[in-house]
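Let's take a walk through this model together, one chain at a time, and then look at where the chains meet. Keep the viewer open as you read.

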Amino acid sequence: MHELSLCEDLVQVIEEQARQEHLGRVCGVWLQVGALAGVEAEALRFCFDVVTRGTVAEAAHLEIEAIPGEAFCLLCERSVSVRHFAEVCPGCGGALNLLRGQELRITQMEGE
Amino acid sequence: MCGLCGCGGTATTQQHSDDASESHEHAHGGGVWHEHHEGSVGLAPGHAHASGLLVRRMIQIEHDLLAKNQRYADTNRGDLGGRGIFALNMMSSPGAGKTTLLVRTIEALKARFPVVVIEGDQQTDRDAERIRLTGVPVRQINTGKGCHLDAHMVGHALSDLKPADESLLFIENVGNLVCPAGFDLGEARRVVVLSVTEGEDKPLKYPDMFRVADLMIVNKVDLLPYVSFDVEACVGFARAVNKGLRTIILSATRGDGLDEWVSWIAQECAQFRAQGVGARV
């Protein structure tokens, strides 16, 4: 359940931004979560609702953009989709270099 | 509130670990689940519309959620590296034998290096008590509801411990094969301990932990005659997740592999000091 502490950090970022932007209420938050980020989107949603209570982001809508895993094989010179770290190139069985899928970031928020 | 940095964190260090009331509880209200505001999904950046008298605005942020922990970790790594303190982050599921291994390791190394220990558990200072019997300084962090140590807690424990320059620092993370993998503490090396009673497929089931580790210790091999555990398969699974992973087969109670483990520490410590600050990341 490290999603709980991640959400606590997320709320701090939101509150800081809301102060800077003079927002009285935050109604939407957009996150990017990679398939290999080690984070469960549903657990994040659950924790987000709990942690935002009584804050500027109470009842805010949480939009999670799932970023699929993508890796590159240097031998085959092509990118392939991956779901786990242990995967090898389906073409040659060689090692892969991860291009994306580890994202865990807030990209935008909406408020008034 | 913390006097060092103004934090209101819920973790407690050993001196005030009894004060469980510091932790705040979030009560569950009935039926307050997230709502889907279909109309607001996918709005273009900069989109604004009137909502009553207030103007609704979209704000671009691009902020990594682990950035805050990473800042503390970088600070820890800089402080430790600058003083030649070699830190090991020891991770495993609960009961894999981390504390027993630590006690044996301290006995083997304390004549050669100043050793300090940070212990992480949700509750109690039982592990710190076991370490204290070896005579080395130890600080217990109780994370309360937290499932992992973070770099901020470790920074505070280091301020309390004040380790001598050129020390070895062992950080025993909260027993958990999932969450600690995501939180850099500022350590020089990461060690995952897997005991043979847990099953050889754990590296495949919990790949994040084995992917971030520099060394895997397969512990409790004295129990191999009594359990079904394929050491070779386990090492193969671990290397499928982390190609260059070093492995030491060990029994902390019987002593198998302890020499190899102690040599690994001395060797990595020498390499760390030769490379200077920030060698890990």
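This is a predicted model: local features need pLDDT of at least 70, side-chain atom pairs count only at pLDDT 80 or more; totals for chains, interfaces and linings use all residues.

**A guided tour of two chains**

The secondary structure of chain B amounts to eight helices and ten strands. How do its contacts spread along the sequence? Taking contacts in chain B between residues at least 6 apart in sequence, 75% join residues at least 24 apart.

Now turn to chain A, which has two helices and six strands. If you follow the chain along its sequence, the elements come in the pattern α-β-α-β-β-β-β-β. The radius of gyration of chain A is 17 Å, well over the 13 Å that the globule rule gives for 112 residues, so chain A is more spread out than a compact globule. Of the 112 residues in chain A, 39% count as buried. For contacts in chain A between residues at least 6 apart in sequence, 71% link residues at least 24 apart.

Next, bring the two chains together. How many residues does each chain give to the contact? Chain A contributes 32 residues and chain B contributes 40 residues. On the chain A side, α1 (2–20), α2 (41–51), β2 (61–67) and β6 (104–111) each supply at least two residues. The largest share of that side, eight residues, comes from β6(A). Sorted by class, the side of chain A that touches chain B holds 13 nonpolar, ten polar and nine charged residues.

Six bridges join β6(A) to strand β3 (residues 54–64) of chain B, and the two strands run antiparallel. One pair to look for is Arg105(A), whose bridge partner in β3(B) is Asp64(B).

Finally, let's look inside. The largest nonpolar core has 91 residues, and those touching the most other members are Val29(A), Val117(B), Val154(B), Leu169(B), Ile171(B), Val192(B) and Met209(B). Which residues surround one of these, Val192(B)? Leaving aside residues up to four places away in sequence, Val192(B) touches Met91(B), Ser92(B), Met209(B), Phe210(B), Ala213(B) and Met216(B). Among these neighbours is Met209(B), which is itself in the group that touches the most other core members.

How values were computed. Residues are numbered from 1 along each chain as its sequence is written. Chains are lettered from A and ligands numbered from 1 in the order in which they are written. A nonpolar core is a set of buried Ala, Val, Leu, Ile, Met, Phe, Trp, Tyr and Cys residues joined through C-beta atoms within 7 Å. A residue is buried if 20 or more other C-beta atoms lie within 10 Å of its own, exposed if 12 or fewer, and partly exposed in between; C-beta atoms are placed from the backbone. Two residues are in contact if their C-beta atoms, placed from the backbone, lie within 7 Å. Helices (H or I, at least four residues) and strands (E, at least two) are DSSP runs, numbered from the N terminus. Ala, Val, Leu, Ile, Met, Phe, Trp, Tyr, Cys and Pro count as nonpolar, Asp, Glu, Lys and Arg as charged, and the others, Gly among them, as polar. Two strands pair if DSSP finds at least two bridges between them. The radius of gyration is taken over C-alpha atoms; the globule rule is 2.2 Å times the number of residues to the power 0.38.
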